[in-house]
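I opened the model to look up a few residues and note where they sit. My entries follow in the order I made them.

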Amino acid sequence: MTMKKIISLISFLVLGSMGMSNAQNLYTKTFSMDDAVPNATGWSYWFIPTGSVADTLNVKMSCVNTGTSSHTPHRHNHDEYFILLEGDAIFHLNGEEIDVHTGDGFLAPGAGSHSLTRKSP
């Protein structure tokens, strides 16, 4: 997936969450690895940090190294939607393991226990 498609998707998600009446206030940000934050399993990049556009909206891109998990299964009060940009992974949701592949989108409902393990590049 190209960066242009990612930006378009993020724009769509932001417009949908804000309502079309707020479209003139659209927040935009261009990805740069210089702003990516390294972590124990890869890196993260926040296009929209929580509180910058809306109290409950954040948009983050994460790279999870092959053979590692994003984190141990955890819960929080908000829904979380994932899009796998490349590779194969296992999505852990409420004790079940679901195989996901490049291009798949999947939802972790609020209060659902979830994590992601990357299987292949």
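In which strand is the place of W43? I found W43 in strand β2, residues 42-48. Strands here are DSSP runs of E with at least two residues, and helices are runs of H or I with at least four, numbered from the N terminus.

A note on the source. This is a predicted model, in which local features need pLDDT of at least 70, side-chain atom pairs count only at pLDDT 80 or more, and totals for chains, interfaces and linings use all residues. Residues are numbered from 1 along each chain as its sequence is written, and side-chain values use heavy atoms, with hydrogens and water left out.

Is W43 buried or exposed? I read 19% relative accessibility for W43, so it counts as buried. The classes are buried under 20% relative accessible area, exposed over 50%, and partly exposed in between, with a 1.4 Å probe and protein chains only. I then listed the contacts of W43, leaving aside neighbours within four places in sequence: F31, M33, A36, V37, P38, M61, S62 and C63. Contact means heavy atoms within 4.5 Å.

Next I checked S70. S70 is in the loop between β3 (59-64) and β4. At 23% relative accessibility, S70 counts as partly exposed. I get 9.7 Å between the C-alpha atoms of S70 and W43, which are 27 residues apart in sequence. With neighbours within four places again left aside, S70 is in contact with T41, V64, S115 and L116.

**Aromatic rings**

How many aromatic pairs does the structure hold? I noted 7 aromatic pairs. The ring centres of Y45 and F47 are 4.9 Å apart and the planes stand at 75°, so this pair is edge-to-face. Rings of Phe, Tyr and Trp (its six-membered ring) pair if their centres lie within 6.5 Å; planes under 30 degrees apart count as stacked, over 60 as edge-to-face, and the rest as tilted. Y45 is buried at 1% relative accessible area. F47 is buried too, at 3%. F82 and F91 form a tilted pair, with 5.5 Å centre to centre and 55° between the planes. Both F82 and F91 are buried. Back to W43: together with F31, Y45 and F47, W43 forms one aromatic cluster.

**R118**

I looked up R118 in strand β8, residues 114-120. Buried or exposed? R118 is buried, with a relative accessible area of 14%. Not counting residues up to four places away in sequence, R118 touches C63, V64, N65, T66, G67, T68, E86, D88 and A89.

How do β5 and β6 run? They are antiparallel: 6 bridges join β5 (residues 88-93) to β6 (residues 96-101). Strands pair if DSSP finds at least two bridges between them. I see I90 opposite D99 in β6. The two strands form a hairpin with 2 residues between them. N94 in the turn has a positive phi of about 50°.

**I83 and its patch**

My last entry is I83, in strand β4, residues 80-83. I83 counts as partly exposed at 32% relative accessibility. Y81, I83 and L107 make a nonpolar surface patch of about 280 Å². Patch residues have over 30% relative accessible area and no salt bridge; like charges are joined within 9 Å, and nonpolar side chains (Val, Leu, Ile, Met, Phe, Trp, Tyr) within 5 Å. A salt bridge is a side-chain nitrogen of Lys or Arg within 4 Å of a carboxyl oxygen of Asp or Glu.

Notes:
Areas by Shrake-Rupley, 256 points an atom, 1.4 Å probe, with all protein chains shown as cover.
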